[in-house]
Amino acid sequence: MAVKGEGRTLVVVLLMLLGFANIYTDAISDRMSFGFNEEADYIELGDFIETDGINMDSSSTCDFTQFGSNHSAVLPPLDECEKFKLIAGEIYHRGTSEDDKQSILEAHNKLRNKVAGGSEKKGNPGPQPSGANLIELVWNDQLAVSAQGWANQCAVKHDKAGNRQTCEYRTVGQNVAHKRGGKKNIPSTRRWDKIVNNLYNEVKNMPDYVVDKLQKVPKGSVGHYTQLIWAKTREVGCGAVFYYLYKEKKGKLRKTYGRTFVCNYGPSGNFKGGQVYERGSPASNCENGVSTTYENLCAPLSE
Ligand SMILES: *[C@@H]1O[C@H](CO)[C@@H](O)[C@H](O)[C@H]1NC(C)=O
């Protein structure tokens, strides 16, 4: 079939949730399907890797080698990623820019503010109760360095809990998302906004009673959602890699784009049996007053 252009551009998301023992986990999402961008049939060589944003020199803030030679921030970055049985292509972008960082924080905090304010009507059943103790998330560079380290490994599943810890957080939660297809040059800030909203969309599976005690849900999974809004998670740091992917078709290599996103959260949420957040009037149980930016959230503790 010789169809070209955006109409053929299917974007797929595969979302995975962290996998350590005392933590609620879910399976790989069933949203996986295949779509290819047919705009190029050949391998382009010579693209250089853009490295953006966060301080990749982690030694200034935390010596991750103390956690062993398999820690994600210590492993040497891979040059290419292979995904979904596709042929590996070069990584052409690593990192998160200052704009990405703002986009990530804004996306998270808008959604946390929405839930805390009691205006999320979705759920199974919904609506979601308003929350008394959700904190405004702030960025954490150590979490970002360990997330970028795992993204640099193409983030197959999750890294081991111990391999994502930081000098500040022993327990670190993690959301991983993979996307494939689309155009190379969509600004990554827009991608991040979509990714965070994709993770959040699991709210449709979230029974209102689960906020009191994290447990299995009747249908689908909620783990990305619950980590995203977990009240006592205070900080987030994310990393990303963008790469080419190829599929062999009738003797030609068809090119598409792959993107892997990793966010690490401190302290970790998603403890089985744990309280996702406390029900109550928005921001009515804050240790450090109400956020000046988000009326339904508590102010960051670090301020
Ligand atoms: C690192 O991982 C490899 C492969 O899984 C394993 O063989 C090795 O023992 C690990 N090293 C450490 C220090 O944990």
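Reader: How many helices and strands are there in the protein chain?

Author: This is a predicted model, and its protein chain holds four helices and eight strands. Along the sequence they follow the pattern β-β-β-β-α-β-α-β-α-α-β-β. Of the 303 residues, 54% count as buried. Among contacts between residues at least 6 apart in sequence, 78% join residues at least 24 apart.

Reader: What span is expected of helix α1, and what does it reach?

Author: Helix α1, residues 98-116, has 19 residues. At 1.5 Å a residue 27 Å is expected, and the distance from the first C-alpha to the last is close to that, at 27 Å. Just after α1, Gly118 takes a positive phi of about 75 degrees.

Reader: Which residues of α3 are buried?

Author: The general idea is that an α-helix has 3.6 residues a turn, so residues three or four places apart point the same way. In α3 the buried residues are Ser188, Arg191, Trp192, Ile195, Val196, Asn198, Leu199 and Tyr200.

Reader: Is Ile195 buried or exposed?

Author: Ile195 counts as buried because its relative accessibility is 1%, where buried means under 20%. Ile195 belongs to helix α3. Leaving aside residues up to four places away in sequence, Ile195 touches Ala177, Lys179 and Phe261. Lys179 is 16 residues from Ile195 in sequence, and their C-alpha atoms are 8.7 Å apart in space.

Reader: Which residues have the most contacts inside the largest nonpolar core?

Author: In soluble globular proteins, nonpolar side chains tend to be buried together. Here the largest nonpolar core has 43 residues, and those with the most contacts inside it are Trp192, Tyr200, Met206, Ile229, Val276 and Tyr277. The elements α1, α3, α4 (223-229), β7 (235-249) and β8 (252-266) each give two or more residues to this core. A second, separate core of 13 residues includes Ile91, Val176, Val241 and Tyr243.

Reader: What does Tyr277 touch?

Author: Not counting residues up to four places away in sequence, the residues that Tyr277 touches include Val115, Pro129, Leu134, Val211, Ile229 and Ala231.

Reader: What lines the largest cavity?

Author: A search of the whole structure finds one cavity of 30 Å³ or more, and the largest cavity has a volume of about 30 Å³. Its lining consists of Asn175, Val176, Ala177, Trp192, Ile195, Leu199, Phe261, Val262 and Cys263. Two or more of the lining residues come from each of β6 (173-180), α3 and β8. By class, the lining has eight nonpolar residues, one polar residue and no charged residues.

Reader: Where do cis peptide bonds occur?

Author: Most residues other than glycine have a negative phi, and most peptide bonds are trans. In this model, a cis peptide bond joins Asn124 and Pro125, with omega about 5 degrees. Pro125 is in the loop between α1 and β5 (138-139). A cis peptide bond also joins Gly266 and Pro267, with omega about -15 degrees, and Pro267 lies in the segment after β8.

Reader: What is the phi of Cys154, and what is that of Lys250?

Author: Cys154 has a positive phi of about 70 degrees although it is not a glycine, and Lys250 has a positive phi near 50 degrees. Cys154 lies in the loop between α2 (141-151) and β6, and is buried, with a relative accessible area of 3%. Lys250 is in the loop between β7 and β8, and counts as exposed at 76% relative accessibility.

Terms used: Residues are numbered from 1 along each chain as its sequence is written. This is a predicted model: local features need pLDDT of at least 70, side-chain atom pairs count only at pLDDT 80 or more; totals for chains, interfaces and linings use all residues. Side-chain values use heavy atoms; hydrogens and water are left out. The expected span of a helix is 1.5 Å times one less than its number of residues. A nonpolar core is a set of buried Ala, Val, Leu, Ile, Met, Phe, Trp, Tyr and Cys residues joined through side-chain atoms within 4.5 Å. Buried means under 20% relative accessible area, exposed over 50%, partly exposed in between (1.4 Å probe, protein chains only). Contact means heavy atoms within 4.5 Å. On a 1 Å grid over the protein atoms alone, a cavity is a set of points where a 1.4 Å probe fits but cannot get out, and a pocket is an open set with protein on both sides within 12 Å along at least five of seven lines; lining residues have an atom within 4 Å of a point. Grid points are joined across faces, edges and corners, and a volume is the space filled by probe spheres set on the points. Ala, Val, Leu, Ile, Met, Phe, Trp, Tyr, Cys and Pro count as nonpolar, Asp, Glu, Lys and Arg as charged, and the others, Gly among them, as polar.
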